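Hi everyone, thanks for coming. Have the model open on your screen, and let's walk through a few spots together.

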Amino acid sequence: MSPTIIGIIGITIMILLFLTRMPVAFVMAIVGFVGFSTMITPSAGLVLLSRNVYEVFGSYDLTTIPLFILMGQLGFNSGISKRLYNVGYKFLGSTRGGLAMATVSACTAFGAVCGSSPATAATMATVGLPEMKRYNYDDELATGSVASGGGIGMIMPPSVVLIIYGILTEQSIGQLFVAGIFPALLVTILFIITIYIRCSINPEQGPCGEKFTWAEKFKSLLGLGETLAVFTLVIGGIFIGLFTPTEAAAVGAFGILVIAIIRKQITWEGFVKSLMETLRTSCMVMVLIAGAVIFGKFLAVTRIPFEIAGWVSELQIAPFLVIAVVIGIYFIGGCFMDALAFVTLTVPIFFPVIMELGYDPIWFGIIIVMVTEMGVITPPVGINVYVVYGVAKNVLEQEIPLEKIFKGIFPFLIAVIVGVIILIIFPKIILFLPQLMY
């Protein structure tokens with residue numbers, strides 16, 4: 001039996017195991033181990049299993065992940081999200097749909113200290129939904145803007161998905177972070193335009209809130225101070241080579257903690273909760289990476305990624321059509337799998353194809369994150385939708401039907417698609433800053 005056939009059988013078994021709702025990380029590890037042992041030897045499989053798991057959990061580079069997650073958790077438990085929302089509310093709340101616009105803007109700002117899409121959605125839902133409910137916002141617009149805005153946390157640095165992509169493809173995490181800034185701002189602007197159009201067509205969806213004086217608006221900007229300080233310190237430090245991404249993550253987490261202590265905005269219980277949530281999320285990500293690495297080794301010996309790359313390079317079609325197919329696969333797959341899991345699973349397969357076609361790996365990484373952002377709000381998985389559903393049930397003490405939330409995200413989904421098309425047509429939007437800084 002040829003290695004390619006064994007690889008196809010392994011992938012088929014993996015997909016069938018996914019349907020049993022087994023954890024993705026364990027499925028990838030089991031299939032990868034059994035497949036590798038079948039093609040080489042069982043002893044080689046055991047060496048692979050022990051060595052790769054040790055290398056993953058002992059990797060210095062991977063300490064970036066728990067540190068950035070800790071930075072986000074400390075930011076949430078110290079009340080940064082409320083201050084960010086307050087700034088957006090003061091400036092945009094008096095316009096039609098202004099509270100939804102403020103929520104989306106706050107999601108972008110909070111993504112700069114968080115890096116997790118579900119965490120951003122949960123945080124801003126807790127802050128924004130009660131306000132939008134108070135001003136009689138339509139449930140579809142309110143929940144849709146929060147769920148979709150949370151997805152910006154995947155693009156805005158520091159992004160956990162970008163870190164994973166950088167590690168799997170051996171690309172500069174610093175360059176990926178820099179490249180994500182303009183796309184995140186582009187999506188934010190497109191979301192605000194979407195809200196404006198919706199509320200212009202149907203003003204009852206987003207009534208005007210209260211007005212504030214310019215003095216009150218400028219005073220609220222003080223709430224951005226700590227976020228801008230930490231973001232500038234982290235990203236700026238990476239820009240000028242002051243420290244590595246891992247060191248930047250440590251500096252960012254420490255900076256948020258110091259600010260919270262000085263301003264007396266975090267309790268001991270909040271600090272412990274931040275550590276526990278960081279531990280839980282980090283363990284999930286680490287195990288996922290370990291499984292992906294083992295499965296990636298199996299794919300390597302089957303030579304499927306290289307066969308696909310060779311086959312694609314021989315096709316007599318334009319490279320942009322290949323990119324369109326790859327993006328379509330990411331979009332469809334993202335609807336059924338967690339974004340992080342899907343990226344770790346598919347990058348080893350498609351990355352050689354993209355390199356064969358001559359595309360920039362940094363550009364491709366941002367496009368992947370943009371497309372998987374759609375997956376966090378599209379059915380049937382749509383993790384952000386379920387997060388907002390749960391938060392709304394607790395905060396508003398009412399149950400908003402999932403169908404209504406999914407319906408509310410579709411205008412924003414169209415906005416993301418428009419954003420992806422713009423970035424494909426104008427790749428310099430992504431590459432301008434990395435080329436300038438590096």
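Residues are numbered from 1 along each chain as its sequence is written, and side-chain values use heavy atoms, leaving out hydrogens and water. What we have is a predicted model, where local features need pLDDT of at least 70 and side-chain atom pairs count only at pLDDT 80 or more, while totals for chains, interfaces and linings use all residues.

So, first stop: Gly241. You'll find Gly241 in the loop between helix H13 (225-239) and helix H14 (245-262). Is Gly241 buried or exposed? Exposed, because its relative accessible area is 56%, and the cut-offs are under 20% for buried, over 50% for exposed, partly exposed in between (1.4 Å probe, protein chains only). Gly174 is 67 residues away from Gly241 along the chain, with 9.4 Å between their C-alpha atoms.

Next, helix H15, residues 268-302, which includes Thr302. Thr302 is buried because its relative accessibility is 1%. Leaving aside residues up to four places away in sequence, Thr302 touches Pro3, Thr4, Gly7 and Met39; touching here means heavy atoms within 4.5 Å.

Last, the rings. Phe, Tyr and Trp rings (for Trp, the six-membered one) pair if their centres lie within 6.5 Å; planes under 30 degrees apart are stacked, over 60 edge-to-face, the rest tilted. The whole structure has 7 aromatic pairs. Trp268 and Phe271 make a tilted one, 5.6 Å centre to centre with 40° between the planes. They sit about one helical turn apart, because they are 3 residues apart in helix H15.

Methods. Helices (H or I, at least four residues) and strands (E, at least two) are DSSP runs, numbered from the N terminus.
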